[in-house]
Amino acid sequence: MIDRRRLRLWWAALRYTAYAGTDTPPERSAGLRWLRALAIVGCGLWAGFVTFSTVSVPAPVKTFNVLISVLPCLLAVRSPLWGWRLLIVGIVSTPPTLPGIAGSWGWPWAPGFALTAALVFYLVGESNDQPQLAWAGLISFGAAAPFLRDWRDAALLVLLGGILYFLGNTVRQRKLAEEERAAQQERRLAEETRAALLEERAGIARELHDVVAHHMSVLALRADSARFRFADHGKADREAEIWQEFADLAGTAREGLTELRRLLGVLRSEEHAPAVAPQPGLGKVVELVEGVKAAGTACELDLRGDLDTVPVGVALSVFRIVQEALSNAIQHAPGAAISVELTAGPESVRLRIDNGPGDSPKRTEQARSGHGLVGMRERAAMLAADLEAGERTDGGFRVALTVPLDREGRLEP
């Protein structure tokens, strides 16, 4: 009975010899390299056996011909050029030791040595550029020409050697083309990732611009109207209101400066018109969850703490992360239940979104290939927050975010 596993291994070795590319996994590539080396060594040993079986000369001469048929293949495993150099030595030295073999099969070299020459010519063509192949071909023909009987043998030798060099060089050009294509693919993916990163930063900057503009507008309006609202500020009963007003102005100014520092860390695109609608806050998370439920996906929401005390910029970024996480869960894990936990404490804002494994088995690969996680990481870095996004042991996915706050509810510097 045929061993299918062994046949697959040998077929993989032959394919690697002809069409090996750089996109082969490292562990598999190492195994195939070993199979390729074993195939070359096996071919050399077979060539030595054929030489031993076909030549009838004294033992020392036979031993020399067997070795010169095996050693070029062994050297070619590490360096095809060194194997070819030893082959040239055999081309020049073996015909005088085999005086009658040309009459038996038409060539002045042993059949096993011819098999070795064919393999080494192919390996040299596979591992060297075309100018080097041209020199190797000329030197090989020059070494063999003195032992050829007529022009027909010379033409046949040039034809066979040229075909082997051409096949090897064709495989080399294919490998180089695959490497270049893989490099171009990597550059394209890097450019797409960079473009997505810049786009996310531009979107974050536009949103923070609106938040800063709101804080500065409120600050300017309250400062300008203070002289009218506290025209009788000399009265004692108005002193407490004046102090509270200045405290509120200072708080608004601090929040505006905090958002401005975040804005300076990202890029702003002038191609988009400023939005006139108010930016969403944590209260809008309820609407997001209701929208997910309306789409037919089970989604649980657990809100804890006073969401209104969270700074506007933090609330906006957390809302966007929730929005992106829910979108990814619906897209890459269809049918999976989702749970959202959001806690607003005095020292931090904590968010955790979990979803189980969906109907699609390629959820993780698809999620990593997109740019949603890029935007999450950018927002988390802007907030100096800890973000964990990855696959769970059961095949689901988890997004966990912790945004540190100081005791006054403002982002830590």
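This passage walks through the predicted model, from its overall make-up to a few of its residues and contacts. Residues are numbered from 1 along each chain as its sequence is written, and side-chain values rest on heavy atoms, with hydrogens and water left out. As the model is predicted, local features need pLDDT of at least 70 and side-chain atom pairs count only at pLDDT 80 or more, while totals for chains, interfaces and linings use all residues.

The protein holds 13 helices and 5 strands; these are DSSP runs numbered from the N terminus, with helices being H or I of at least four residues and strands E of at least two. Of its 413 residues, 38% count as buried. Here buried means under 20% relative accessible area, exposed means over 50%, and partly exposed covers what lies in between, with a 1.4 Å probe and protein chains only. Contact means heavy atoms within 4.5 Å. Among contacts in the protein with a separation of 6 or more, 70% come from residues 24 or more positions apart.

On to the aromatic rings. A pair of them is described by the distance of the centres and the angle of the planes. Rings of Phe, Tyr and Trp (its six-membered ring) pair if their centres lie within 6.5 Å; planes under 30 degrees apart are called stacked, over 60 edge-to-face, and the rest tilted. Searching the whole structure turns up 4 aromatic pairs. One of them joins Trp46 and Phe49, a tilted pair at 5.5 Å centre to centre with 35° between the planes. Trp46 and Phe49 are 3 residues apart in helix 2 (residues 26-54), so about one helical turn separates them. Trp46 counts as exposed at 51% relative accessibility, whereas Phe49, at 46%, counts as partly exposed. The rings of Phe121 and Tyr165 make a tilted pair too, because their centres are 5.2 Å apart and their planes stand at 40°. Since Phe121 sits in helix 6 (residues 111-127) and Tyr165 in helix 8, this pair ties together parts that are 44 residues apart in sequence. Both Phe121 and Tyr165 are buried.

Trp107, Trp109 and Phe147 come together as one aromatic cluster. Trp109 belongs to the loop between helix 5 (101-105) and helix 6, and with a relative accessible area of 6% Trp109 is buried. Leaving out residues up to four places away in sequence, Trp109 touches Gly90, Ile91, Thr94, Pro95, Leu98, Ile101, Ala144, Phe147 and Leu148. Trp109 and Asn65 are 44 residues apart along the chain, and their C-alpha atoms are separated by 9.2 Å.

Charges meet rings as well. A charge sits over a ring if NZ of Lys or CZ of Arg is within 6 Å of the ring centre and within 35 degrees of the ring normal. Lys62 has its charged end over the ring of Phe52, 4.7 Å from the centre, and the charged end of Arg85 sits over the ring of Trp82, 4.7 Å from its centre. Phe52 is part of helix 2 and counts as partly exposed at 48% relative accessibility. Setting aside residues up to four places away in sequence, Phe52 touches Lys62 and Val66.

At 8% relative accessibility, Asn169 counts as buried. Beyond residues up to four places away in sequence, Asn169 touches Gly125, Glu126, Asn128, Asp129, Gln130 and Leu133.

Further along the chain comes a helix packing. Two packed helices are described by the angle between their axes and the distance between the axes. The axes are lines fitted to C-alpha atoms, for helices over the stretch in contact, and angles run from 0 to 180 degrees between N-to-C directions. Helix 10 (residues 285-294) packs against helix 11 (residues 312-332) at an angle of about 10°, with the axes 10 Å apart. Helix 10 is therefore roughly parallel to helix 11; angles under 35 degrees count this way, over 145 as roughly antiparallel, 65 to 115 as roughly perpendicular and the rest as oblique. Helix 10 brings Val285, Leu288 and Val292 to the contact, and helix 11 brings Phe319, Val322, Gln323, Leu326 and Ile330.

Finally, Ala384 has a positive phi of about 55° although it is not a glycine. Ala384 lies in the loop between helix 13 (372-382) and strand 4 (386-391), and is exposed, with a relative accessible area of 55%.
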